[in-house]
Amino acid sequence: MVAREQFETDLEEIKEVIVELAKNTERALLQAIDALFNQDIALANNIIDMDTNIDKQELDINNQTILLIAKQQPVATDLRRLIVALRIATDLERMGDNAKNIAKSTIHLGEDHRLTIHPAIKEMRDLAVEMVHTAIKAFKYEDISIAGKLSEMDDEMDKLYEEIVKEMLMETATNPEKVQYVMQMAFSARYIERFADHITNIGESILFLVKGESYKLN
């Protein structure tokens with residue numbers, strides 16, 4: 001196999017692992033929200049344990065990418081593809097951390113807390129999942145028109161987050177005994193919002209890959 005064909009094969013392998021990592025972070029978020037709504041402490045603990053797998057995947061991607069840079073010494077667009085792979089892997093790992101933090105909020109609240117989880121948390125979750133799917137598609141096809149959609153979606157996420165925070169502040173004012181509940185709701189909403197911010201970063205990385213310039217979607 002000639003050097004160019006080997007490079008394309010190795011690059012495709014890295015892209016496949018990145019897509020798999022993205023799916024794992026999405027799964028972690030879905031399970032974290034399920035655990036939060038169902039007061040499932042066992043599931044929350046499992047999410048925390050499984051985060052080590054996400055960390056390992058990121059490390060493997062970094063090692064594969066750095067090795068390929070060292071072997072092939074790519075330039076121009078090829079080099080950008082590998083730089084973007086490193087950047088996206090980092091954002092995905094941090095998305096996993098945010099899912100893990102939601103699981104920790106579930107544990108803080110404990111079982112049988114008899115409190116109502118804010119319904120907008122599920123709205124934020126659904127939007128975050130849609131953003132993951134959009135980012136994966138943009139990454140696969142290096143499509144900046146798809147990546148650009150993440151900006152409006154992130155704005156919508158920010159609005160949902162602001163609404164929850166406002167309501168939680170009012171809850172604290174009227175029910176000070178619920179301060180722990182309010183804190184964990186605000187934290188959970190913030191973790192989803194940060195999860196989405198990292199997806200937006202992925203969109204920015206795709207724009208950088210295609211255009212060779214830095215753009216801000218957030």
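Questions and answers on a pocket and some salt bridges follow. This is a predicted model, where local features need pLDDT of at least 70, side-chain atom pairs count only at pLDDT 80 or more, and totals for chains, interfaces and linings use all residues. Residues are numbered from 1 along each chain as its sequence is written, and side-chain values use heavy atoms, without hydrogens and water.

Me: Is Asp10 buried or exposed?
Reply: Buried means under 20% relative accessible area, exposed over 50%, partly exposed in between (1.4 Å probe, protein chains only). Asp10 has 13% relative accessibility, so Asp10 counts as buried.

Me: What is the N to O distance between Arg190 and Glu193?
Reply: Both lie in helix α6, three residues apart, about one turn of the helix. Arg190 is partly exposed at 34%, and Glu193 is buried at 5%. Their side chains meet in a salt bridge, and the N to O distance is 2.4 Å.

Me: How many nonpolar residues line the largest pocket?
Reply: Ala, Val, Leu, Ile, Met, Phe, Trp, Tyr, Cys and Pro count as nonpolar, Asp, Glu, Lys and Arg as charged, and the others, Gly among them, as polar. Lining residues have an atom within 4 Å of a pocket point; a pocket is an open set of points on a 1 Å grid where a 1.4 Å probe fits, with protein on both sides within 12 Å along at least five of seven lines. Ile47 and Met50 are among the lining residues. By class, the lining has four polar, three charged and five nonpolar residues.

Terms used: A salt bridge is a side-chain nitrogen of Lys or Arg within 4 Å of a carboxyl oxygen of Asp or Glu. Helices (H or I, at least four residues) and strands (E, at least two) are DSSP runs, numbered from the N terminus.
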